[in-house]
Each structure stands twice: as C-alpha cells, then as structure tokens.
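Please consult the sequence and structure shown here before reading the notes.

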Amino acid sequence: MEIAYLAAIVLFILALYWMNAPKSARRSVSAGVAAMALAIVATWSRPEVVHHLWIILALIGGVVVGVPLSRVALTAVPQRTALSHAFGGLAAGLVGTAKYYMWVSEGAAELTGFRMTAIVVETLLGFLTLTGSLMAAGKLHGVSWIPQRPVIYPLQNMTNLALFALAVVVGVSLIIAPAGPWSGVAFPLLIALSLAFGVLLIIPIGGADMPTVISILNAYAGLSAVAMGFVLDSRLLVVAGALDGASGLILSIIMCRAMNRSFTNVLFGGFGQVQETAAAGAEDRHYKEETIEGAAQTMEMARLVVIVPGYGMAVAHAQHRVAELYDQLTARGTTVKFVIHPVAGRMPGHMNVLLAEAEIPYDDIVEMDDMNPDMEQVDVALIIGANDVVNPAAREKKGCPIYGMPIIEAHRAKTVFAIKRGKSPGFAGIENDLYFRDQSFMLFGDAKDVIGELTKQLAVDEAA
Ligand code: NAP
C-alpha cells in the first residue's frame, strides 16, 4: 500500500515536471492520470473501506459529470478549470464537515487541537474555493446574472476583511471547544461565512482577470487538500495537496509577473475593464491597410518570418489555417518562427496547446526572451489576433495599464502585418501603438479567413 502511495507521489511530481515543456506535456498528463488511478485503487483496497457501493456511485457520478466537461471548447478551458477547483473545494469542505460531526457524535475525544485546526482550515478554504470558483467560472462563461465588470462598493475591502476575521474568530472558538455549547451554531456559521467570503472575494474582480484568480483559487484548493490530508491521516493527500497548492501559487506568480502586476493589484485592482476613452481614441488615428496580394508579395521575399499568435487566433479557431501557411512558407525555403508570450490568449499555455494541435514542430516555437534580441533580423512579423502582447506602450507609456509588462518586440521587425477584425482593443482595453508605426499594415478580417486567403494567394503566386 505504502509503495503504491509512494509511486503515486513520484508520478505526481513527474507530471508537474514534464508539464514544463510542450514536448513532454502529453507524458505529463499520462503520468498524472496514472498517479490518480494508483491513488484511488490503493485507497479503495484498504481493509477499512467497506462501503463499496458509495464509491461506485461516486465514480459513476464523476464520470457522468467529467466526460462532458472534458469535451468543452479550448476557449472554455479556463471556466472548466474553475469548475474542477469548485468540485475540489466542495469535496474538502464536505469531508471536513462529515469528519467534524462524526467525531462530535463519538464524544469529541478524537477532536484534538491539531485535528480541529485542520478541519477549520479545510472547511474554510474548501467552501470559499467552492463559491469563489463558481463565481469565477460564471464570470468567464458570461452567465447573464453574474456581472462581468468588477462590482465595487464603499468599504468593500474592510467588509471582506471583517467577514474573514469573523470566520477566523468562529474557527478559533471551535478549536478551543470543538463540542462547546455554541458549536451547534458555530460550525454552520463557519460554513456560511466561508461560502459568503468566496463570493465577495470574486465580485470586485473583472471577468478578464479571472484566469489569474483561478490559479490563486487552485492554490487555495491545494491548501484545503493538505488540511484534509491531516484530518484523514493521509500522507498522499498532504503531498498531492501541497504540490497542487504550490503549483497554483507559482503559476499565479508567473502570470502576475508576465503582466507586470502584483497579487494585490489582481485581487483588488479592478483591472480588465475596457477603458472606453482609450479605446475610442483609436478611431482618430490612421491605420494603413494592405491587400492580401500585397502582403503575399512581401512575404514571398522574406527570409525570416515571425508569427505572433494571440487571443484572436483562438477565437477564430485559425490554428490549422496557420499551419497551412507555415507549410506553404517553409516549402519555399522561408524560415518561420512562432513567438509566444507567456500570457498570450486567456490561459497559460493557450497558444502552445493550439499550435501543438495544429502539429507545428516544437523547434519552431520560440520563447519571447529568445526571439527579442534578434527582432531586427525579422523581415515580416505577422501578428495574428494578438494585441497587448506586442503593444510598445508597455515599454513607452508610463501609467498605461500594461506599463512594464514585457512584450514581444514586433515593432523592431522590418515589416509588420497585423490581422484583426476591427479597431477593438485587447484585454487591457488600450489602443496599440504598433499598428500606427511606419512599417505596420493591417489585414482586417477574421483570422481564419485572412490566413486562408493569404495561403491561397501564396499558392497562386507559386504556381504562376
Ligand atoms: P488581446 O490583447 O486580448 O487581443 C486580442 C485581439 O484579438 C483583439 O484586439 C481582437 O481585436 C482580436 N480578435 C478577436 N477575435 C478575432 C478574430 N476572430 N480574428 C482576428 N482577430 C480577432 O490578446 P493577446 O495579445 O493574446 O493578449 C492577452 C491578454 O490577456 C494580455 O493582456 C494578458 O495579460 C491577458 N491575460 C492573459 C492570461 C493568460 O493566462 N494567457 C490570463 C489573464 C489575462 P478585434 O476585436 O478588433 O478583432
């Protein structure tokens, strides 16, 4: 049994390690699945597990909910991930609640200070992760009755802090006297405060900031699993929860750094609201447009083409057309590199997943930091539905929402073609200076259509 748990822990760690590179990402998923299967089988085969029917029913329930969830569109993966965290939080909260009432009914002798602390932490974090993640999923999915914009009201942070402090006081009172005269009220109150706190924590955050918040909620879910491990005396859960919590925290830090934001700014900043005035200003400036024929001619003469994909490529489902363009260009002897910004799209690794799906060779996908020093050698930078990640304002305009965010320096390429449908800003809600530079030309239209036409034109020119 212990060997099986050890093997599962090693596989969990390897799964995280292999997730570091697109090449080993599939192996990582298989290792994670194997680790989870091993953990379930090893736990199920323990002699003290006697209620097999409940486990079978839970497994059937998991499959019924899990299979449709696994089939959502790639653009809906952030909200799907939030739902997974909600289930994790619910499980931790319910286990904490069940264990508390079970031990109270047995006379509370088992409820040592340590165990009760673990139960309070597990229940608090579990239930706040549940409602916080449901709110986050709802905002990302555009559920009509959940406002997308940050909901801000006076003394909001003070109210939230007071509510959290009250939950802590109730928790401490339970730790001091788990079965005291007020515990019949205190435990349900702890649950209610945790559920309310999860909602209040999320409503001031804009829908577009949710991916970062989701990874913070991932860290909370991991921590509640650690506490659950202490409650159930399971070293496997403690380790798996710690891995989950730490990876969620590290991911949030990476995302915040790549956006040049702090945690407090994400949680309390109200970023992600479209700034109407800045966006409206874009109408006054002059875009230079290029025709498909003109763009194709320029690309035919290019030796080095850099493709910068962004959120718009995902929205347009253009990745397979982009792969055809890549094939067309490389067949002519053009060197083509894809440069990916760490926060391009709406979730970590968003672009990598799409390009992998379209079978773009991993060797032609380069990191922003590896390409930027050579950007002056680039003949054509083709921006596909990317906006903020190539906006020079991040380097030049102090005070703009993305100031200080590292960008892909496409503005140093010899020619820039930018594909987008119109003049809308990106996630940060600000206009993009890159589009107005001397060497920049717009190819307006849906990314899938424009790339398709460009590839066709290159083929026609090749045949002529
Ligand atoms: P972006 O700045 O949001 O810009 C996307 C652009 O795509 C828009 O300007 C839009 O313009 C265009 N577009 C939309 N649909 C299109 C279509 N069908 N065809 C062609 N173009 C289309 O995207 P990004 O450059 O990838 O930057 C990502 C942003 O998200 C960053 O600000 C980042 O901080 C933020 N973010 C990322 C993550 C993450 O984990 N990746 C998490 C949270 C926040 P039109 O409407 O005019 O077409």
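**Salt bridges, burial and surface**

Glu 376, Arg 395, Glu 409 and Arg 412 are joined in a network of salt bridges, a salt bridge being a side-chain nitrogen of Lys or Arg within 4 Å of a carboxyl oxygen of Asp or Glu. The model is a predicted one, in which local features need pLDDT of at least 70, side-chain atom pairs count only at pLDDT 80 or more, and totals for chains, interfaces and linings use all residues. Residues are numbered from 1 along each chain as its sequence is written, and side-chain values use heavy atoms, with hydrogens and water left out.

**Salt bridges**

- By the rule stated above, the count comes to 13 salt bridges.
- Arg 395 forms a salt bridge with Glu 409, and the closest N and O atoms are 2.9 Å apart. This pair links distant parts of the chain, with Arg 395 in helix H17 (residues 393–396) and Glu 409, 14 residues apart from it, in the loop between H17 and strand S5 (415–420). Helices (H or I, at least four residues) and strands (E, at least two) are DSSP runs, numbered from the N terminus.
- Arg 395 is partly exposed at 46% relative accessible area, whereas Glu 409 counts as buried at 12%. The classes are buried under 20% relative accessible area, exposed over 50% and partly exposed in between, with a 1.4 Å probe and protein chains only.
- Glu 409 also meets Arg 412 in a salt bridge, at 2.4 Å from N to O. Arg 412 is partly exposed, with a relative accessible area of 22%.
- A salt bridge of 2.9 Å, N to O, joins the side chains of Arg 437 and Glu 396. Here too distant parts of the chain are linked: Arg 437 lies in the loop between S5 and strand S6 (440–444), and Glu 396 lies in helix H17, 41 residues apart.
- Arg 437 is partly exposed at 23% relative accessibility, and Glu 396 is partly exposed at 44%.

- Phe 417 is placed in strand S5 and counts as buried because its relative accessible area is 1%.
- Contacts of Phe 417 (heavy atoms within 4.5 Å), not counting residues up to four places away in sequence, include Glu 290, Met 299, Ile 383, Phe 441 and Leu 443.
- The C-alpha atoms of Phe 417 and Val 104, 313 residues apart along the chain, are separated by 68 Å.

**Nonpolar surface patch**

- Leu 53, Trp 54, Ile 56, Leu 57, Ile 60, Val 64, Val 65 and Phe 87 make a nonpolar surface patch of about 830 Å². Patch residues have over 30% relative accessible area and no salt bridge; like charges are joined within 9 Å, and nonpolar side chains (Val, Leu, Ile, Met, Phe, Trp, Tyr) within 5 Å.
- Helix H3 (residues 52–70) gives the most to this patch, with 7 residues.
- Val 64 belongs to helix H3 and is exposed, at 55% relative accessibility.

**The chain as a whole**

- The protein chain has 18 helices and 6 strands, and its C-alpha atoms fill a box of roughly 85 × 50 × 35 Å along the principal axes.
- Of the 464 residues in the protein chain, 49% are buried.
- Among contacts in the protein chain with a separation of 6 or more, 78% are between residues 24 or more positions apart.
- The protein chain exposes about 21900 Å², of which carbon and sulfur atoms supply 65%; accessible areas come from the Shrake-Rupley method with a 1.4 Å probe, and for residues only the protein chains shown count as cover.
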